Amino acid sequence: MLIETGTAVATKSKAPARAAPAPRPLGDFTASPRVLVLVAMALVIGSAGSVAAYALIKLIALVTQLAWFGRFDTTPVSLADAARTPWMVAVPVIGGLLIGLMARFGSEKIRGHGIPEAIEAILIGQSRMSPKVAILKPLSSAISIGTGGPFGAEGPIIMTGGAIGSLFAQFFHLSSAERKTLLVAGAASGMTAIFGTPMAAVLLAVELLLFEWRPRSFLPVTAAALTATAWRPLVFESGPLFAFSGVPALPWWGLAACAMVGILAGLQSALLTKCLYTLEDLFERLPIHWMWWPAIGGLCIGLGGLIEPRALGVGYDVIGDLLAGHLLVQAVLAILVVKAAIWLLALSSGTSGGVLAPLLILGGAMGWLVGGVLPGNPGFWALLGMAAMLGGTMRAPLTGAVFAAEITGDLHTLPALLAATAAAYAVTVLILKRSILTEKIARRGQHITREYGIDPFELTRVRDVMVSRPETLSANMTVTAAVETVERGEHRTYPVIDAEGRPIAVVSGKDALHWKMSPGGPEEALAERLTGQAAVIVHPGDVVARAVDLMLGRHQGCIAVTEVETGRLTGIVTRRDLLKVRAEVIRSEGERRVYFARRNPLRRGACERAVRG
């Protein structure tokens, strides 16, 4: 007698048969009400991320005031007016020494600009970050930027916000995927609080951090970014960070010019990335401990400051002047060269700081210079250079375009921004295999792919890969006969069916060997030996992903396929059959054919004559 339980068919026994999980309803998305819990948590994390961003900005200002002007003040100040004295060289060196000590005796994860560390925590660290990183990263970044480091605060706050989200998540019973969502929610809230760019923050999360596009992650991240937007007028200021309205009336070839600026930004991005990791390799060859490297980077910062003080620090004032056009060509050239040099040397030395603000300045300076020979305000072309540099370097073109539109408050620039960022993105993905963010992770032995695609197992039905009419074993045959059949057969697995053709189990060569080593009575039926076992089944119309889930959940290499109405066995699916799905994807991507080819009338006539002959 058989007992059918869910999608598991079991023989009657005192031992209860395990029922297979019910198939989830098929639909466009896999959202469940649990996403509302994550949204509620994201509201808390968004508030905490805003507070952390405010604290970091004030801490940077405090360190800057103390180090350069001897004042205990938290008002942000530019280093353009700093005196060019030996102290300008000493301050960054002292800051580098402090960061080296914090990294050596605190946590090595504070080195660098923060985003690679956040990606690494997501992909290989189960989205778990330590409290030590949450404290030391903003502190080290404040010291680095406050003592003249040519960095931005966004990378550190992304990592700090991510650490806050991760730590909060670790107090609850959450999965790794749910912790990842809250980690990214914290990162997005921090970025939104500083720049006031909620849409760009969400896009950055999708393009760079989440590695998926699902309601379970998109909705909480959006909630956190909007929470930070609501808090921003209270902790920072309302309105765009760099208000701009200098959009020219472009000629018919204007978008081509925008794409040209993007191409130049892509080449600039590729050059900077190559230089950065070449310098990192040179630092690796130094005969001193890496703890001292940030001090060497600080020395380079100080020497660069003697040449152009405006290259020091975050440089938000420089971004504003580039957009407004309040700079001379000589000043822009000096900022471009000095900022690039000290940023590359400092970042490769392993100090702490972000990359977004430097990328904006370097791309903006290039765009400003090119804009001198293009129609319109040079500030407009500087804006395109900023967006293109951001989109190409971080391989996030949508983020770059929307970010530039949000920080300026001018949505009319979006078509031009998209042309520039897409062109820069095309250049960098064709020239470089890795970005400035993922190269560091790859050097640690981790491979990352940032191409999203739909799981082919979710698109394929079981009927398309199953083996129809497989060889079977009868439940009424003896165990001895079953062992002989398996040993003589060419297959590794055999479904066992009852008199009505319904599967009661799936046995393998390993099972047959076990039966041979522990034989029962000579007339023991196979059904008796399989008492208590269950055949987990799928139907021909199920998606292959369900068969994969059941195989993994039951540690089986084969699963039976039955008809929905009768429960009769109609086929089996093995691990080898699952490879057909991957093979079809490779074939469809690699196969090229012409469906509407032009016919050659001469060749057609020759063929007809050959047939008549």
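The legends below describe an overall view and several close-up views of one predicted model. Local features require pLDDT of at least 70 and side-chain atom pairs count only at pLDDT 80 or more, while totals for chains, interfaces and linings use all residues. Residues are numbered from 1 along each chain as its sequence is written, and side-chain values use heavy atoms, with hydrogens and water left out.

**Figure 1. Overall view of the protein chain, with 24 helices and nine strands.** Helices (H or I, at least four residues) and strands (E, at least two) are DSSP runs, numbered from the N terminus. Taken along the principal axes, the C-alpha atoms fill a box of roughly 100 × 80 × 50 Å. Of the 613 residues, 52% are buried, where buried means under 20% relative accessible area, exposed over 50%, and partly exposed in between (1.4 Å probe, protein chains only). A contact requires heavy atoms within 4.5 Å. Among contacts between residues at least 6 apart in sequence, 74% join residues at least 24 apart.

**Figure 2. Packing of helix 1 (residues 34–69) against helix 5 (residues 154–169).** The two helices pack at an angle of about 140 degrees, with their axes 9 Å apart. Axes are lines fitted to C-alpha atoms over the stretch in contact, and angles run from 0 to 180 degrees between N-to-C directions. Helix 1 passes helix 5 in a right-handed crossing; a crossing is right-handed if the near helix is turned clockwise from the far one by less than a right angle, and left-handed if anticlockwise. From helix 1, the residues that meet helix 5 include Met 41, Ile 45, Gly 49 and Leu 56. Their counterparts in helix 5 include Pro 156, Thr 160, Gly 165 and Phe 168.

**Figure 3. The salt bridge between Arg 34 and Glu 178.** A salt bridge places a side-chain nitrogen of Lys or Arg within 4 Å of a carboxyl oxygen of Asp or Glu, and the count by this rule is ten. In this pair, the closest N and O atoms are 2.5 Å apart. Arg 34 belongs to helix 1 and Glu 178 to helix 6 (residues 176–195), so the bridge ties together parts that are 144 residues apart in sequence. Arg 34 is partly exposed, at 37% relative accessibility, whereas Glu 178 is buried at 11%.

**Figure 4. Salt bridges of Arg 310 with Asp 317 and Asp 321.** The N to O distance is 3.5 Å for Asp 317 and 2.5 Å for Asp 321. Arg 310 lies in the loop between helix 10 (293–307) and helix 11 (316–324), and Asp 321 lies in helix 11, so their pair ties together parts that are eleven residues apart in sequence. Both Arg 310 and Asp 321 are buried, while Asp 317 is partly exposed at 29% relative accessibility.

**Figure 5. Ile 115 in the largest nonpolar core, a set of 118 residues.** A nonpolar core comprises buried Ala, Val, Leu, Ile, Met, Phe, Trp, Tyr and Cys residues joined through side-chain atoms within 4.5 Å. Ile 115, Met 191, Trp 343, Leu 384 and Met 394 touch the most other members. Beyond its neighbours within four places in sequence, Ile 115 contacts residues including Gly 155, Leu 208, Leu 356, Met 394 and Leu 437.

**Figure 6. An open sheet of three strands in the order 4-5-6, with mixed pairing.** Strand 4 (473–474) and strand 6 (503–508) stand at the edges with a single partner strand each, so one side of each is left without a neighbour in the sheet. Strands pair if DSSP finds at least two bridges between them. Two bridges join strand 4 to strand 5 (residues 493–497), and these strands run parallel. Ser 474 has Ile 497 as its bridge partner in strand 5.
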